Structure formats: C-alpha cells, structure tokens
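Please examine the sequence and the structure shown below. The paragraphs that follow lead through the structure step by step.

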Number of protein chains: 2
Amino acid sequence: MSSQEPSRRATISDVAREAGVSTSTASIVFSGKAKVSDGTRDRVLAAASHLGYAGPDPRAASLRRGRSGIVAVVFEGHLRHAFLDPVTTAMMDGLADGLAELSSGILLMRDDGGDGLALASAPVDAYVLIGWSGRTRESVRVVRGRGLPVVVIEGDPGDPGIPRVTLDNADASAALARHLHDLGHRDIAIVTLSLGSQRQRGPVTPERIAEATIGVTVDRLEGTRRVFPDAPAVSAAGSLIDEGLVVGRELLADPGGRPTAILAQSDLLAVGVIRAAEELGLRVPEDISVAGFDGIAVDGLGERALTTVVQPAVEKGRVAGEQIARMLAGEPGETQDLTCVVRVGDTTGPPSR
Amino acid sequence: MSSQEPSRRATISDVAREAGVSTSTASIVFSGKAKVSDGTRDRVLAAASHLGYAGPDPRAASLRRGRSGIVAVVFEGHLRHAFLDPVTTAMMDGLADGLAELSSGILLMRDDGGDGLALASAPVDAYVLIGWSGRTRESVRVVRGRGLPVVVIEGDPGDPGIPRVTLDNADASAALARHLHDLGHRDIAIVTLSLGSQRQRGPVTPERIAEATIGVTVDRLEGTRRVFPDAPAVSAAGSLIDEGLVVGRELLADPGGRPTAILAQSDLLAVGVIRAAEELGLRVPEDISVAGFDGIAVDGLGERALTTVVQPAVEKGRVAGEQIARMLAGEPGETQDLTCVVRVGDTTGPPSR
DNA sequence: TTGTAGGCGTTATCAG
DNA sequence: CTGATAACGCCTACAA
C-alpha cells in the first residue's frame, strides 16, 4: 500500500514520483523555463493527468517567486458607481492592456475608509489608486508600507515620490472656453461635476469651491473661468444624463436670463442639457450651444457630434499599467501628464444674440 | 554586526526576535486569532514599526492557509463591453456584497479563448463564470480541474454538478407579452439582443435562431412568442440606446406596416426605440407602446417610467456570492433559480387601432 | 538534460 | 498565554 491517500490533492512531487523523475524536472515541464526531452515530458504529463494534477498551485508559486501576477485597482466608494462612468470603463480597458504582459488579472478593491486592512492583506504585486477625493492620501499611506509599486490616477497622493497619471483639466477647459469665446459667446453657464462626495446639486459658490474635495471639478471650473471669469456654475449630483437634464432645465427655464452657451463638465451631462434644450423647443446650436468634456462615445446621442474635450481615457489606464510594469522591473516610476484635445462637433456655433 | 542587512524586508521572525518573543506569538498578534497579553502585543507592535514591518506577507499567508481571499469573476470578451451593461454592473455590486465577509476582492479575468492558462494559474479561491455564449463550457472544464468552487451565472456549464444562478427569462417575457396582449395588442414587433458573439443586426430568421449561441436572447424571444407566435423580430448589435434607435427607426419607418407595440429585450434598447418613435412624432404610449427588460434605472429616460421586466440583478450577484461562500465552507452549492417581475410603467397602453 | 538541496514567510498544532 | 516544530507546495541555483 504505497499509494497516496486519495483525499489529498496531488502535488508536483507526487507527479514527479509517479513519472519517475525529480520534482525539478516536473516543475520545468509545467513552467517551460528550460528544455526537457519529449519522452520525459510525456511521462510527466501522463502522470499528472493520471493523478488529476492540474498544474502548480498558484499560491505556492507566488510565494516562491515573490510575485502573484495580480495588480490591485482601488476605488473609492461603490463599484457600481465607478463603472457607471464610461471614462472609468475605458480607463480600465487601457489598464488591462497595459498590464497584459505582466499580470493575470485586475483585483477590484474598495477602499471603504476602514483601517485599510483588506487593502494591505491582498496578495498583489502593485496598486493603482483611482482617486478623486481626498481619501487617496490615506490609501497611499496604507499601501506604501508594503513597499510595492503604487501609481495614482487623477488624485493627490500627498507624496511627491509616488508617480501619478494626470490630465491637463484646467488648460483643456480653458481651450474649450476660448473656442466658445471666439465664436462670440459672452454669456455662458457651466454645469459642473460633483464638488464633494456628498454629491450635492446646486449653485456653485466660492464657499463651496473652498470646501471642494474633488479636484477634477475644481480644475475644470478654474480653466473655464480663465476665459469667462463671471460665468455662473451649477453642480450636478453626478455624471449622468438625467442630471444634465435637470440642471439644464433650471438654466434654460427663464427665457430672459438664458445663456447663449452651456459648458458641461462631462459628455453625459452635456447630453442631458441638450435634451433639456430640445424639450423647450430650443435648437442646438442655433439657439444655444452645448459642449461637454471627455470625448467618450456616449450612448444615446444618436448621430450628433458633441463639441467636447477629448481626454485620453484608455491611454490613462495604459500609461498607468506601463508605469507599474516599469516599477516592477526595478526602474523608477515617473509621473505622466497627459493632454486633452478640443474636438469641435455640431453642437456649438455662433450665439443667436 | 549581528544586524540584518537593511536591503531585505523584515519578516515576522525578525519582528519576533526584536521583540524577544517567538514567531508564533508575533503571528498571533497580527492575526488576532488568540489572546495575547497587552505588554507582549505592545512590544511586538513596537518592534514591527521599528523595523518597518507592515504585517504578514499575504503570499505566504495564503500558501499556509490554503486561501487567498480572492474570487475570480470570468467574463467572455472585453471588459469594457461587459461593464457597458448596467445589469452587469449591478450584478457585480451584489457579488461584492455577497462575498464581502469572505474575500478581499474580485479578480477580473477574461477568458480569451486561449488555453485558459491564465485562468488556471491565478491564486484564487473560487470562480464565478459569467457566460452568455457557448464558451462557458470550456471555461468550466479548465477551472474544474483545480478543484475549486465554481458558480455559473446565466450560462450553461455543461455539467449538472455545477451550481448555477438562473433567471426565468422565457416565463417573464411571456408574462410581459401577456400584459400587452391583455391591453389589446395583436400586432407587435420584437427587438432582440445579439444572437451570437458576432453581434449582427438584422431580421431574426429561424436559421439564425438555430445557430444562436446566446441563450438569454433565445429564451426571451421564445417566451414572447408563446403569446405572439408570429411576431417579427429584429436583432440589435448590442444592448445600447443607439442600437434601439436604429432598429426602432426601421420598425417604425413604414406607417402602414407599423406595429402597435414594440417589445425590446433590454431597457437600453427600449429607450432607443422610444426615442425613434419621438423622432417620428409618435407619442408613447398613445400611438405606440414600448416595453423593455431588466428594470435597472436607465440613465437618459428622464422621469418616464418604462414598462419592463424587473430582473433581480443585484440579487443575482449576491446569490452567486453566497453559493461560493457555502461551497468554501464545505457545503454543496445549489443552483438558484431567480424570478423576474413585470413592472407596468407609463410606456404601454391600449393600442391606437 | 536531469537531480539535489534549501528556503520563500507564514501559521496550525500541540505541549508547556 | 507563550514557544517549538513542522508543514504549506513550489522553484531555482548548482551540481552531475
């Protein structure tokens, strides 16, 4: 009775024994890291299938190698919420590409503001932090301790040593505003994204700006106001078509005080604004110009071409992935500043008055 | 010079030595699995922070424990594509909840139709397969070998031993169709989801049904046709508002042959159809009734309430997570059949003729 | 091309 | 409450 108990799963050394080779040889057969004679390989493979061995245990392999092949992507708040945004989705795609060579997958994690215990105890090789709010700094602190590569996308790591991937939100917003100014607009309104995690809808006051925690919103607003310093702004409760619709209605309600153009801080908001205008019988762009931000194909726009700022969303993820790859290879990571481009569509034109 | 090289990261035994305790005691301090005197704990923690030790290495811990705390969610095709669908997003949320106690995160993986090597070599504790197409069976085969828990959501595992989470797509579609029939409709058209992974738009013929690989589409169609056996159907190239718009235009183009109601297989498609109707100056539901499927809050619908079938999307994920938890606890997993509910909104009414 | 040996960093078990 | 010991399953120099 020299056979193994059937209850235990076979290990590579069981396979090696059964095949009459050493464990190292069997290991090589599975990793392909070196040459093995055909006969030997066949015997090992036969033994494996005989014993129901499905290949090396990834847990053991990752301990031995010091790598798990997993990269964590950390979001603040609900996943559902993150993925509602087409920009995030595009970015994830880019990230998956940028990491493709390197990793077997992306570990979705939530930084729920707890003690970060879960964050720190996952068997990952690196972290990508997606941060809009102020919590990023705390996450960075937790994660730094592990000594693993970290990249922050659109957030403030609060530590200059950590590479970031950033967008020129303010400059791009200013460029778009200039386009409207060049067309002759002098009286515009702004629909902003949320200023803080409470996601309140309403007029944007200096006090609210001072308290804002979402950098993207503030930066884009600042850029637009470089060109239109006195433009009124209203914050939406999220980047949603229906939010744009609600805020758009408010802004367009009074025929007298109506602006000649509305600049929304996301394409989804812009689509909502356009819909609000259409509801009121206003033609876009003849009666009112509307522009967005993001440049992601928005479902629900039909064949209109929105004037917008195209941000390199997929690129953002890809670049982050590349930095991770570099750092894992021992080179230092570098902050990457990406730039956006204004794309003029058919939703902006000269003002009607 | 008995001190460690500073280049190596401290391990738990370094910490134990520095604190003057055994490694087992130090381990307990970090795991909290047993009582430790305050004094001892303080000394260990002090030593840890002194040495820059950030807690047990998750790789080693997962080897020792036999658990990594990671659950893989396997999609077919591009991630971007999967997350475009609000139903998927909701489901992921439910899954995250269902697994919350158990796991530190969700590993997003793509079954790219390769040899499944990546699939099998990730350090995960269980797999959730999201499958619409026929490839699920192959993924199941690969994954089975590992001897880990597997749950299939909306797909055919091709193995009765594998627990599934299913929806009563056909029955629910029939129930919705009956609602229309009761209202008096006799002449309806169907907008289906894709029939296969090629995502072709066009009339649905018996041949195409025979070749279809996406079960959801076929089931919903079959259910609707129980009530309206001769209803013409057109497949959309995806679950998108703009697809519904395109197909809706086609179906409504000819004022003569216009149906009195259109049943779309997703809410997004239904929104597109409604938009197509509005474009043509048709009122919903006075001139034409439109219904969808899914019951997820669709962005871009404004305050209309779509008549639809509400599927338990979040529940689907939660239930899958619970089954995984059970199986990980050694109990057998069970297939869960979830049911949908018709929700009548304001987009359906009696036919105009 | 194949085998030998040692350790990756933890934690479960059991004895004190 | 604390300590000694033995795996967990694999990989990779290095030697043959």
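Predicted model: local features only at pLDDT ≥ 70, side-chain atom pairs only at ≥ 80, totals over all residues.

Strand 2 of chain A, residues 105-111, pairs with strand 2 of chain B in the antiparallel sense, and three bridges join them. Within this pairing, L107(A) has L107(B) as its bridge partner. In general, the strands of a sheet pair through backbone hydrogen bonds, and they do so either parallel or antiparallel.

The relation between the two chains can be described next. In general, two copies of a chain are related by a rotation about an axis and a shift along it.

The contact between the chains involves 42 residues from chain A and 42 residues from chain B. On the side of chain B that touches chain A, the elements giving two or more residues include helix 4 (58-65), helix 6 (86-99), strand 2 (105-111) and helix 12 (241-252) of chain B. This side of chain B consists of 22 nonpolar, 13 polar and seven charged residues. Because 100% of the interface residues of chain B are also interface residues in chain A, the copies meet through the same surface.

Strand 1 of chain A runs parallel to strand 2 of chain A, and seven bridges join the two; in strand 2 of chain A, R110(A) stands opposite F75(A). Strand 1 of chain A also pairs in the parallel sense with strand 3 of chain A, residues 126-130, over four bridges. There, Y127(A) in strand 3 of chain A is opposite A72(A).

The largest nonpolar core contains 186 residues, of which V73(A), L107(A), V128(A), V73(B), L107(B) and V128(B) touch the most other members. Apart from its neighbours within four places in sequence, V73(B) is in contact with residues including L95(B), L107(B), V128(B) and I130(B). A second, separate core has 11 residues, among them I12(B), V21(B), A26(B) and V29(B).

Chain A also has an open sheet of five strands, in the order 7-8-6-9-10 and with mixed pairing. Strand 7 (202-203) and strand 10 (289-291) of chain A stand at its edges with a single partner strand each, so one side of each is left without a neighbour in the sheet. Strand 6 of chain A, residues 188-192, and strand 8 of chain A, residues 233-235, pair in the parallel sense over three bridges.

Finally, the DNA may be considered. Around DNA strand C there are 28 residues, of which V21(A), S24(A), K35(A), I12(B) and A60(B) come nearest. This surface divides into 10 nonpolar, 12 polar and six charged residues. Around DNA strand D there are 27 residues, and T11(A), S24(A), S22(B), S24(B) and K35(B) come nearest. Helix 2 and helix 4 of chain A, together with helix 2 and helix 4 of chain B, each give two or more residues to the surface near DNA strand D.

Methods. Residues numbered from 1 in each chain as written. Chains lettered and ligands numbered in written order. Contact = placed C-beta atoms within 7 Å. Nonpolar A, V, L, I, M, F, W, Y, C, P; charged D, E, K, R; others polar. Pairing = 2+ DSSP bridges. Near = placed C-beta within 6 Å. Core = buried A, V, L, I, M, F, W, Y, C linked by C-beta atoms within 7 Å. Buried ≥ 20, exposed ≤ 12 C-beta atoms within 10 Å, placed from the backbone.
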